[in-house]
Amino acid sequence: MNGEVQDVAFNSSGSVMFSTGTFGEVYEWDMENRVCVAKFPDEGTIVGSAIAVTPNFLATGSSSGIVNVYDRENMSNSSVPKPIKSLMNLTTRVTSLTSNHSGEILAFASYEKRDVIKLLVSIFCKYSRSSVIR
């Protein structure tokens, strides 16, 4: 990996690791073979600061407060994937980025300002009509 590692995240089985760092690039690592299998620039990011992975999405945070959400399925189809959503709600570095186990809620925060936390409820999740609470 070029530059310094700022954050890493593993898929649920631990077979894949994603990393981001000071050059604003995202790396995908095969943990069984211990090799980098993909690398791409995180759109609009100069310095990557946080990363989170869910079953369907990869979220990255930057030093400028931008959070990008990528569709993991589309990431394998392109050498330079585009985010399906870019969030520009923070004005300070994203220092924490995590989701619940199913990836329906993404939380991102910055410790550089008091009480800075945002939640994104994924509009990309597929719900059946029977699971909608009325």
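This is a predicted model: local features need pLDDT of at least 70, side-chain atom pairs count only at pLDDT 80 or more; totals for chains, interfaces and linings use all residues.
The largest nonpolar core comprises 14 residues, of which Val67, Leu87, Leu90, Val94, Leu97, Leu106 and Phe108 touch the most other members. Two or more residues of this core come from each of the strands β5 (48-53), β6 (57-62), β7 (67-71), β10 (105-110) and β11 (116-121). Leaving aside residues up to four places away in sequence, Val94 is in contact with Ser49, Ala50, Gly61, Ser62, Gly65, Ile66, Val67, Phe108 and Ala109. In soluble globular proteins, nonpolar side chains tend to be buried together.

The structure contains 4 salt bridges. In one of them, the side chains of Lys82 and Glu43 meet at 3.2 Å, N to O. Lys82 belongs to the loop between α1 (72-75) and β8 (85-87), and Glu43 to the loop between β4 (35-41) and β5; the pair thus links distant parts of the chain, 39 residues apart. Lys82 is exposed, at 58% relative accessible area, whereas Glu43 is partly exposed, at 35%.

A salt bridge also joins the side chains of Arg93 and Glu112 (3.3 Å, N to O). Because Arg93 lies in the loop between β8 and β9 (96-99) and Glu112 in the loop between β10 and β11, this pair ties together parts 19 residues apart in sequence. Arg93 is partly exposed at 23% relative accessibility, as is Glu112 at 43%.

Asp115 and Arg114 likewise form a salt bridge through their side chains (3.4 Å, N to O). Asp115 is exposed, with 66% relative accessible area, and Arg114 is exposed at 76%.

How values were computed: Residues are numbered from 1 along each chain as its sequence is written. Side-chain values use heavy atoms; hydrogens and water are left out. A nonpolar core is a set of buried Ala, Val, Leu, Ile, Met, Phe, Trp, Tyr and Cys residues joined through side-chain atoms within 4.5 Å. Buried means under 20% relative accessible area, exposed over 50%, partly exposed in between (1.4 Å probe, protein chains only). Helices (H or I, at least four residues) and strands (E, at least two) are DSSP runs, numbered from the N terminus. Contact means heavy atoms within 4.5 Å.
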